[in-house]
Amino acid sequence: MDWAQIWEIAVTPDNVPITALLFLAPFYTWYGLRQAFANDRLIAQLEASPEMAKTHHRKVQAWKPGWAREVHTWPYLLRIEFLALLIVTAILMVWSITLDAPLEEPANPNLTMNPAKAPWYFLGLQEMLVYFDPWMAGVVLPTLIIVGLMAIPYIDANPLGAGYYTYRQRKWAIWTFLVGFLGLWVSMVIIGTFIRGPGWMWFWPGVTWDHDRLVFEANRDLPDLVGITSMAGKSIFGGFVSLLYVAGAGWAFHKLITRPGFNRKIYERMNILQYVTMQLLLILMLSLPMKMLAKLVFRIKYVWITPWFNI
Amino acid sequence: MPETPTPEPDPVVSSSLSRALLISALVVFLTLVWGIADETFFMRPWKRYQSRFVDKYTAHLKRLQPAQAQGEEGIHKTATYQKLAQQIEEAKKQAAPQRAAINKELNESIRPRLESLQVKYQEVRSHIAALTYELETAGGEGSKKSIRADIEEVRKERHDLDLVKADGSGGVERQEWDFAEMEREYDRLKQRRAELQTEVIRASAPVSALERQRDAYVKEQMTGLTREQIQGLLNKMDQFPSDIKQIHVRQIDLVDRCESCHLGTREPVELTKASLGEAVFAGHPTRDLLKIHNPERFGCSPCHNGNGVATTSVIKAHGYYKHWLWPLFKQENIEAGCQQCHVREIVTDHAETLNQGRELFRGRGCNGCHRFEGFDREPELLQAARQQMRQIEMERADAEREMARTFQKIDDPKTPLEEADRLKARADQIRVNANRMNERLEQLDVQASNLMREVKKIGPSLKEVRVKLRKEWIPVWIKDPHEFRQTTKMPTFRLSEEEIQAIAAFLWQSGVEGKLADHPMGNAGRGKELFETRGCLACHSVGEGDKLMGGTFAANLSRVGEKTNYQYLVRWVHNPRERTRPYCALEKKDLGPADYAKAGKPFRFDLANAVCPNDGYTLQVQQMTVMPSLRLTGEETRDIAAYLTTLKRPEASYAAAPYLDDPQLKQKGMSLARNYGCAGCHEIAGLEDEGRIGTELTKEGSKPIERLDFALFGHPAKNEGWYNHKGFFERKLKQPDFFDQGKVRTQLERLKMPNFHLAGPEINALTTFLLGSVESQLPETFHYRPEDQRRDIQEGWWIVRKYNCMGCHVLRANQPSVFMTLPRYQDPDWKEQLPPQLVGEGARVDPNWLVRFLANPALSESDTNRNGLRPYLKARMPTFTFSEGEVDKLVRFFMALSSQATPYIQPKLKLEQLSETERTMARQLFTSKGAPCLKCHATGNAAHDARATAPNFLAAKDRLKPGWTYRWMLDPARIAPGTSMPSELFRREGTRWVFNGPVPDSFKGYSKDHADLLVRYMFQFTPEEIRRLGGGVAGN
C-alpha cells in the first residue's frame, strides 16, 4: 500500500478540490437527503392529521404560538449568511496561504506529460473516451448531456417537490439525478483524478504510478467475438444489438415509471412528447455504464461498427 | 390565576450568533495576520539574510580595519612615501600663492558679481527666448512683425541692478542696464571665471600629479583595502537598502537575483565561509573568472544553473525541485557551466575538471560508441570532402557537356555571326568555371589525403591479429581486458563464453595474411636501457600497481611478451604506421600481392605510393595509430623488441583454442562484433563502415529526464533524491549495467555499454562534462567562438592532446610532463636530459623552421637516427608523420599562444649589419674564458659536441627570432624557469646592457649594447665563422 502515492495525488494543488469533493459530495448528498426524509416524515404527519395540516402548513419545524409568521431577511438571514461568509473567507485564506498555484516546467511541445489529464470538468469526457470513440464521447454525448439538462424543465411532469426537500414525492427525479450526477459525473471525475495513471492505465489506490508498467488487455469488438467479418454484416449486427439494447432499456424504464405509486402518477401526467424525450435521454444515459461494464469486465470495445461511426 | 405558559422562543429569531461570529471573525483576522506575515516574512527569506549580512560584515570590517590601518601606517613610514609626501608639500607651498590669488579674485570679485547679475539677466533672457519661440511658430508676417517689435521692446527695457563691485571691495553699485549691457557683462564674467578655473587647475597640476603618484604607490604596496576604503564599505553597510538585488541582462531575458542572499560575491574584501561564519556570504572564488565573465553581462545562472528568478526559498532559488529542469550544479560539477559556450575547446583555462572529463571522453574511447560533435571530426570531414568532390565532378561533367553543345552550335554554319560570337563568349565563361572547379577539386583532394592521414582509431587494428598476436591470448583478453592489464583503455564487456569464442574466431579468421621479415634476436639488456631513455615511457608504462612507471596515454607493456611475437614488435617499433595490407575504401577490401600482380605492379605501398591499382582510389596505407616512429636504427629496434618480448609473467598459461579456426563461428562472431560495436574503436575486416552503436551525447545534459531510462530505479531514485542527470550519469559510469538490475532480458537485449573501471574523480570529471553538454539557452554571440588567433589556440589543443605532446614537453605553466615524473629524471644530472619546455615556443622560433622541424625532427634526409636540434638528448623527438593541416595548426597554435603576428616576416634584414671589427669583437667575447657560451652550446665539431648540452649556434639564424634571443640572453630564468642557461650574463649600464664578466680589450670604447652585438653576430653567422669558432659542419 503505497501511502506516499496516495498522498502525492491527493495534495497536488490541482487535485485538492477533487480530494475535497470526495468528502463534500457524499456529505451534501446525505445532508440534503436527511432534510428530505425529515420533510417526508412531516408530510406524512400532516397527511395523517388534517387538523395539524391547517396550522402547521409545510414547515420543517412546527410553528409554535407566539412566533412571528415571517421573519425578516435582515438581520436574521443575513447574519447567518455573514457567518458563512466569515467561515468561507477563513478557509480560502488558509488554502491560498498554504497551497501555491503550481508553476511547472516550460511547455515543451515535443514532450507530452504522462498522464496528460484534462481539467476536472472534462475528466468525465476524457474517461468516456475509453469507452466511446471521439465522435461519440467528445461531441455527441456532451451535446446530448447539455441538451438533456436543458430539456429537464420541459419533461418534468411532477408538480410536487418544488421549493422544499422531499424524497417520496421526487423519487424518480432524485434517482435520475443521483445516478447521473454522482454515478456518471462525480465518479468519472474521481476515477480520472485518482485511478487513472500513466498511460491512462487503471491504478487502484495505493498502487505506485509506474510509467513503465505493462498490461495485457486484448480488447475485441462484439461482431468479431461472434464471428462476423464483413463490414455490412457488422453494421447490421451492431444495429441489431443496439436495437435490442434500446428495446430492453426502454422496457425496463417503462416498467419503472409505471410502478404503482407516485411514479405512475407522473407517468399519467406526461404527454407523449415528454415521455419519448425522457425515454431517449434515459436510454442514452444508461448506455455509458453499460459500455463501461462491457469494456472493463468483458473487454468488449465496439458493439456497432459502421463505416461512419463506431459505438 | 393560571399562568400563560411561557412561549418557546423562536430559534431563528432568538438564537444569538454572537459567539460564533466572534470566533469566526477572530479566525479570519488571524488568517489575515498569517497572510501578512507569510508575505512579508516567511516568503522573503532574503530579508533575514540581508540583515544578518549587514551585521556580520560590519563586524568583520571593523575587525579588519585596525590591521589594515596598521599596514597603511607602515607604508606611510616608508622612504618612498615620505619622499613623495614631502614633494607634495613643497609643490603645494609653491603653488599656494598663485592659487590664493586666483581664488581671491574668483571668490571676492567674479562670483559675487555674477550672482548679483544672474537672476535679472536670466529672467530677461528667458522672456526673450519665449518671445522668440512665438516668433518662430507664428503664422503670418503681420504677427511676426508685432512679435519682433515686442522683442525689441523687452531688449530695450532698462533694469535697476545692485551689482557687487568688480574691484573686490565688497561694495555694491547701482546700475541701470538694458539687456545688451547685461549680456555683455555676464559673458565677460563667465569667461573670466572659466579662465581662472583653468589657471587653478594648471597651477595645481604638479600637486595632483604627485598625489596620484602617491596614491598609486600606496595601492601597489597595500595588500587589501586601505582604512579609508574600509570606511567607505562601512558607510555603505550603514545605508544598506534592504531590497532585491538583481542582475538584469536584457538581450537574453536574464534575471538573476542570487545576490539578494549571496551578498558577499563581489565584495572587494576576500570573504570565505569562515570570515562571516556562513557559506552563503562567501565571496566568489577565482576573481579572475569574474573579470573575464562580468556578471553584469553573463549573470550567474548561465554558469551555475539554478533558478535565478526565485527568492522564496533556498530550494526554489537553487532549482532543486521537480519542475525546474536546470538545478544548480553541485560544487564538484561547477565547471559544467563552462562547456555550453566553450564547446569548441578541449582545454579551457580555469576548468581543470572539465578538461579532465573531455580528455577522458577522448582518450578512453567513449567516442567509439557515442558521437559527440567536435570529437573525432576527421572521418566525418573526410566523408564530407569526398561528397563535395563527387558533387563537383558531376557539375564539371555537366559543364563539359554544355561546352560541347555550345561548340557544336558555333560550328553549325546556320548560326548567325552575332550569335556565334555570343556563344564563344559563353564557351569561354564555362571554361573558366570548369577550371575553377578543377582548382577546388585539387584542394579537396589535398584535404582528403590530409584527412586520411589524420583519421585515427582508438584501439589497434584487428586486421593484424594473425601476424601480431598469439591466438590463444585473444579470448583471454576479450573476456576481461582489465584482468590482463589494469590500466588498459579497453573496457570489460559482459559476454557469455559462446559469444567470446565466436567473436575471437571471427577476428582470427578475418585477419589479413602476411609475412613478416625475419630479424635476428636483439639484446634485451640494451633494449631495456633504450626503452627507458628514448622516450617510450612518455606514453607507455611498465610495472603494475604502485610500481607503475611511465605515462598512461598508451598501453602498459608489462605483459606484452605474452601476447605478441618478436618479429611483429620489430616491425612495429621501427615504424608503427606500417601495415600488412593497404585498404581500399571503394572496393572495401584489403589488397594483397595478387591484386597488385593483376595490375602488373609490385606489392609496394606507402605514403608516396598510395594509389589503388584497381581503380585509382586513395588507399589507406597507414595503421591508424597516433604512435610515431622514433627513427631508431635497426639494432636499436631489435634490442627494444627483444626487451619487450621478455616482459611477461612466466607463470601465465593460455588454454588451447581450436574453435578459433571453426568457420561456423565466423558469421556469428561478425554479427556479435557488429552488435557490440567493436568497429567503433578498432579497424576490423568487413566492419570498416560501421556506425557508432551508442546514443549521441552532444546535448545529453539537455535530454528531458523522462528520456533517461531509470528502468526499475525510477521511484527509488525519486525517493532518494538522485532522479536527475547527475544521478543517472554517475551510476551509469560506475556500473554501466546498473539499470539492467532486476530486468528480465535476453543477452542481446541487455545494456551493451561495457565497464571502463573508472575511478571516483574520473567519474566526476565525465559527469561534469556531460552535465555541461547542453543545448545552450544563450544566444550565439555569447558563445566563445573567436575567429582570430584565439581560434588557433582552440584548434591546437586538440592536436596536442591527440598526440600527447605533454608526455614529453611542458606546454602550460605548472604542468609536469610525464618525463618529469619518471624516477630516472629525478636525479639532478638527468635534469638536463629532459626534453625542452615549449612555453613561449611561438615567440622563440621562426614558424617556417618549426614547420620543417615538425615534418622531420631529424632535420636531415640522410642522418635520421638523431634529434636534429638537440643531438645530445637521449630522448628522441619522434616523426609523427603529421598531415600538412596538422602541422599548420600546431605552428599557428604556438604562435597564437605567444601572440605572434602571422605571417612571420624574418627581420633578418632589419638587423644592423655587423662590421668586421664587431665580428671580431663578438668572436673574441664568445670564445673568451669569461664567457660560458661554448661550455654548453654545440658548434658542429664532433669532439666538442660530445659534451654539449645546448643547441648549435648555427641553427639560431634559421630557427630563432632575434627579439626573443635578445630577451633570452638577458634573463633566461624568466622565460624558462629552471633552465640550465645561466642568468645575469649581462648587467645594465645606463641605457645599454653590458657583459657581466671580463670583456676582451677590443671592447674598450665600444658604446653599443653587448647583448645586441652578440645577437647580430649569431644571426649573421657564416659557415667560415663557424669554422673559425672551432666547429666542423653543423647539421641543420
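Predicted model: local features only at pLDDT ≥ 70, side-chain atom pairs only at ≥ 80, totals over all residues.
1. Polar contacts do turn up, with 5 residue pairs counted between chain B and chain A, both partners at pLDDT 80 or more.

2. Where on chain B does the contact sit? Both α1 (11-14) and α2 (18-42) of chain B supply at least two residues each to the side that touches chain A. The biggest share comes from α2(B), which puts in 11 residues.

3. As for make-up, that side of chain B has 17 nonpolar residues, 6 polar ones and 5 charged ones. Counting heads on both sides, 28 residues of chain B meet 29 residues of chain A. Together the two chains bury about 2500 Å², and carbon and sulfur atoms give 68% of that area.

4. On to the cysteines. How many disulfides are there over all chains? The count is 0. Take C338(B): its closest cysteine sulfur belongs to C303(B) and lies 6.5 Å away, so the two are too far apart for a bond, given that a disulfide needs sulfurs within 2.5 Å. C366(B) is in no disulfide either, with the sulfur of C681(B), the nearest cysteine sulfur, 8.9 Å away.

5. Are these two cysteines buried or exposed? C338(B) is partly exposed, at a relative accessible area of 25%. C366(B), on the other hand, counts as buried because its relative accessibility is 15%, and the cut-off for buried is under 20%.

Notes. Residues numbered from 1 in each chain as written. Chains lettered and ligands numbered in written order. Heavy atoms only, no water. Buried < 20%, exposed > 50% of the residue type's maximum accessible area, 1.4 Å probe, protein only. Contact = heavy atoms within 4.5 Å. Buried area = accessible area lost by both parts, 1.4 Å probe. Polar contact = N/O pair within 3.5 Å; in protein donor to acceptor, adjacent residues only side chain to side chain. Helix = DSSP H or I, 4+ residues; strand = E, 2+ residues; numbered from the N terminus. Nonpolar A, V, L, I, M, F, W, Y, C, P; charged D, E, K, R; others polar.
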